[in-house]
Amino acid sequence: MNVSRLAAMTWARTLEFLRDRSSLAWNLFVPVIMVVGIGWVFSGPGRPLFTVGVVAEAPIDASLHPFLATKHVHFYKEDDLEGATRKVQRHRIDMLLDLRGKPGRYWVNEDSPKGYMLERLITGSEGPKLERQTATGADIRYVDWLVPGVLGMNMMFSCLLGIGYVIVRYRKSGYLKRLNATPITALEFIVAQLISRLALILLITVAVFVGTNSFLHFRMEGSYVDLFIVTLIGAVSMLSMGLVISARVTSEELAGGLLNLLSMPMMVLSGVFFSVDGAPRVVQKAADLFPLTHLLNAARAIMLDGATLADLAYPLSVLAGMAIVFLALGASVFRWRQS
Amino acid sequence: MILEAVELAKHFNPGRAGTVRAVDGVTFGVREGQCFGLLGPNGAGKSTTIEMLEGILEPTSGSIRYRGEPLDARYRQRIGIQFQSTALQDFLTVRENLRFFGALYEKNAPHDQLIEVCRLKDFLDRDASKLSGGQRQRLLLAIALVGDPEFIFLDEPTTGLDPQARRNFWDLVETIKKRGKTILLTTHYMEEAYVLCDEIAIMDHGKIIARGSPQSLLAEHFSDVVVELPLDALGDRTWPFEIIRSNGSAEIMTSDVNGVMRTLLDEGVSLAQLKVRPRTLEDLFLELTGKELRA
């Protein structure tokens, strides 16, 4: 491989992308708008200071217990004690009350400052004393869970369209034929496309992450370096997938259809917005076929649970394996020109 | 010979019924320093031939040798190609395109020289997608020359240009020829082939049907000249010579111009608008292929 040719091709492609202002704006601002919008919905002002789940047979009001009259606390009814306990463990709620028996019980997470405050309130309140239960776990907001999904989805579209659609456009316009008449090799061309797109995707993703994190303050239990490595491998895997689509296709319409065929199920099944944990097994198996699923699982494990690269051997090896298979397949069937 | 094609053939869908023999065993050679023209009507096989010679299309059979050697990876470093229509990367200026394509070759022609020869100076920093037809063709020629090639393929380089831009382009090609470059040119314009080419090959149905210098081919096939008159001037009379009528004019092919003029004067035909011209490559083309080249 000739480094000079590789560098020239990478430079030219990067310049093209950076000067295509509409495309750049789309790639940069859409994820920001989505994260900020969702962050505003889920983290905006006016929300109660505390959230408390209540398991009770009667409607929840002060007649059940005087503590329920406390201001600035959002009480809501929970039916599933076990599920609600997990929410306390994960800090998705600040306290859980079970007022069905005598004495009633309450759960707090000893790691939660809000849980501590609520416990001080409930022990100082009037009414029957409640039995203390404890739960421990990580504090996870929906926005913390969502951010890897939105950034991953943006990466997916950028990878698939940035490689798949662009190469098909080059082929259709005859630009690939022109390049084929120069000393550049197919491998040099493909690698240049991957490097250029990869660099831009990583740059944009990091910029969006840092920008939105400055005011949404995502939970980050693990290492930023690990997260970057996972993002890098995931992006290479999805770029390679786009390469397979573009390797021979000559019609932009067909390429668009194929890319939609891949991206839409990936967006739904890979857990961008909602987890598919409760979905049928066959759906979960189908989700495992997509690189985005493994990327999001790995990224969330790092951000929310503090997982290390060693803990993520499975998703990382699946992503790396997919990248190798897709790259080999794409490079072997790549065609410069329309037949 | 710097480039030789021997029994070169390209068949599409080989082995199936309906196989198209786009190129059917052509043999010719291009001498170093000459401008060789490949002419033919649409579908004659000249584009397929040139793409095989450029090394971007694999022949079904036959061989191509450059300086006596089969085509290899070094060949791409030694040739420059200007396609009939080529898309360039969006959002790159003329200068950036030159720099980019230059980086793909081991050696480069001096860019300043290219800019001067191809007259790119006035729009060097303009986005290549915003160039006029003539400017774009000059840039594409500069790109074809950027690797300082020994051999240049020009595939219908002036199609779509206005007459002035076409003649300007011919001047550029003449300049390149003077620098000792070898050129293989395909064109739809017979005048272009006549002006630029030292030797031409006419293709039809995938085969070469005539080959030689434009002058020798005309001398070989024609001993007559063309007498042209407005069609109205001849009326409906019967004449002792064959008349080809087209687009309001009558053409009389004859080797006895004096005799034709005497007959016309005897019949009271005005010769005020009479023109006598030698046979052209276009006439040769029509005679050999039976088709209008620009059709």
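**View 1**

**View 2. Strand 1 beside strand 4 in chain B.** Strand 1 (residues 3-12) and strand 4 (residues 61-66) of chain B run antiparallel and are joined by five bridges.

**View 3. The crossing of helix 8 and helix 9 in chain A.** Two packed helices are described by the angle between their axes and the distance between the axes. For helix 8 (residues 224-246) and helix 9 (residues 252-269) of chain A, the axes come within 10 Å and cross at roughly 145 degrees, and the crossing is right-handed. Helix 8 of chain A brings A:Met241, A:Ile245 and A:Ser246 to the contact, while helix 9 of chain A brings A:Ala255, A:Leu258, A:Leu259 and A:Leu262. Sorted by class, the residues of this contact between helix 8 and helix 9 of chain A are six nonpolar and one polar, with no charged residues.

**View 4. A cis peptide bond in a loop of chain A.** The peptide bond that joins A:Lys102 and A:Pro103 is cis, with omega at about -5 degrees. A:Pro103 is found in the loop between strand 3 (95-98) and strand 4 (105-109) of chain A.

**View 5. The contact between chain B and chain A.** Chain B gives 20 residues to this contact and chain A gives 18 residues. On the side of chain B that touches chain A, the elements that give two or more residues are helix 2 (75-78) and helix 3 (94-103) of chain B, and the largest share, four residues, comes from helix 3 of chain B. By class, this side of chain B has 12 nonpolar, four polar and four charged residues.

**View 6. Domains of the two chains.** Chain A is assigned a domain 1 made of two stretches (3-41 + 141-333) and a domain 2 (50-135), and the centres of these domains of chain A, taken over C-alpha atoms, are separated by 43 Å. Chain B is divided into domain 1 (3-219) and domain 2 (223-278), with 40 Å between their centres, again taken over C-alpha atoms.

**View 7. Confidence along the chains.** The mean pLDDT of chain A is 84, and 88% of its residues reach 70 or more, whereas chain B averages a pLDDT of 87, with 97% of the residues scoring at least 70. Within chain A, confidence is lowest in helix 2 (residues 21-43), at a mean of 66, and highest in helix 8, at 94. Where pLDDT is low, the predicted coordinates should not be read in detail. The model scores ipTM 0.78 and pTM 0.73.

Notes:
Residues are numbered from 1 along each chain as its sequence is written. Chains are lettered from A and ligands numbered from 1 in the order in which they are written. This is a predicted model: local features need pLDDT of at least 70, side-chain atom pairs count only at pLDDT 80 or more; totals for chains, interfaces and linings use all residues. Axes are lines fitted to C-alpha atoms, for helices over the stretch in contact, and angles run from 0 to 180 degrees between N-to-C directions. A crossing is left-handed if the near helix is turned anticlockwise from the far one by less than a right angle, and right-handed if clockwise. Two residues are in contact if their C-beta atoms, placed from the backbone, lie within 7 Å. Ala, Val, Leu, Ile, Met, Phe, Trp, Tyr, Cys and Pro count as nonpolar, Asp, Glu, Lys and Arg as charged, and the others, Gly among them, as polar. Two strands pair if DSSP finds at least two bridges between them. pLDDT is the predictor's confidence in each residue, from 0 to 100. Domain bounds come from an automatic or database domain assignment.
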